[in-house]
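Me: I am new to this structure and would like to learn how to read its charged contacts. Could you take me through them step by step?

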Amino acid sequence: MATSPPLRIDVLTLFPEMFPGVLGSSILKRAAEPVVNPADPNDIRQPVVSYHVTDIRDYAGNKHQKVDQPSFGGGPGMVIQCQPVWDAVQAVEAQDDRPATRILLTPQGEPLTQPIVEELAGQPRLLMIAGHYEGIDERVIEKLAPIREISVGDYVLSGGELPAMVLIDAVVRLLPGALGHQDSAHHDSFSPGAQRLLDHPHYTRPRTWEGMEAPEVLLSGNHAKIEAWREAEARKRTEERRPDLLGDAPQ
Ligand code: SAM
């Protein structure tokens, strides 16, 4: 049974309709539902997360729900105005006593990594702001300080909605009880159990497929040998594909 209250995740967006499919599927869906122990109906594990998606247009303050204007200085594209974003943040933050870690999804932010995800998974509440068009008026970003600016990579997407979903997925799968097997996230690529290296390759049935054999050692039942093989494969794979990760890893 979970002891701490669910992590609250708020998302502020101009496109709330993009979220139900992702938040309503697979692990993200299960993590937001209570789990009843089949052996004891009184043993109910509370959800580990709750999602709250807010339309910034609800705070437009005009009957056309317009929240964007042309960029000062000219040029193509629209800019999201300060006031609706500020009002939306104030209203949403007032819905819960717990302080929110404010996050702006932007290609100009710190690149998202597993240690950042781990840090965010330890917070009680996250508030994510998804930009669109040319972005958000810089003044409201300054006024929202402290705010963490996070990028999902060195490329530009049309909006912060997909980056917010990426961040939500990465965070939620680390919450205790979110995955079926408690330990599995710990051993994934970039994670502490994998010494922050890439994961080793995986195989399953059938033993022979298209003339290709699964590695014999994995069927040996010898756990020490399997572990040694996996560690060696993970290191080899990291050397080949991501030598930059080996800098900090114990040899
Ligand atoms: N004019 C901005 C720039 O060049 O830095 C790009 C704006 S982009 C078209 C619109 C929105 O998409 C951004 O405000 C941000 O919320 C989101 N976005 C785009 N790429 C992103 C990325 N790599 N990581 C996080 N958010 C991103």
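Reply: Let us begin with a group of residues, bearing in mind that the model is predicted: Arg8, Asp10 and Arg125 are joined in a network of salt bridges.

Me: What is the general idea behind such a contact?

Reply: Side chains of opposite charge can pair when their charged atoms come close. In this structure, the side chains of Arg125 and Asp10 form a salt bridge, with an N to O distance of 2.9 Å. This pair connects distant parts of the chain, since Arg125 belongs to strand β8 (residues 125–130) and Asp10 to strand β1 (residues 7–13), 115 residues apart.

Me: Is Arg125 buried or exposed?

Reply: Arg125 counts as buried, because its relative accessibility is 0%, and Asp10 also counts as buried, with a relative accessibility of 0%. The cut-off behind this reading is that buried means under 20% relative accessible area.

Me: How many salt bridges does the structure hold?

Reply: The structure holds 14 salt bridges, and one of them is formed by Asp96 and Arg98, whose closest N and O atoms lie 3.1 Å apart. Here Arg98 is partly exposed, because its relative accessible area is 21%.

Me: Which residue forms a salt bridge with Arg242?

Reply: The partner of Arg242 is Asp244, and the closest N and O atoms of this salt bridge are 2.9 Å apart. With a relative accessible area of 32%, Arg242 is partly exposed, whereas Arg125, at 0% relative accessibility, counts as buried.

Definitions and conventions:
Residues numbered from 1 in each chain as written. Predicted model: local features only at pLDDT ≥ 70, side-chain atom pairs only at ≥ 80, totals over all residues. Heavy atoms only, no water. Salt bridge = Lys/Arg side-chain N within 4 Å of Asp/Glu carboxyl O. Helix = DSSP H or I, 4+ residues; strand = E, 2+ residues; numbered from the N terminus. Buried < 20%, exposed > 50% of the residue type's maximum accessible area, 1.4 Å probe, protein only.
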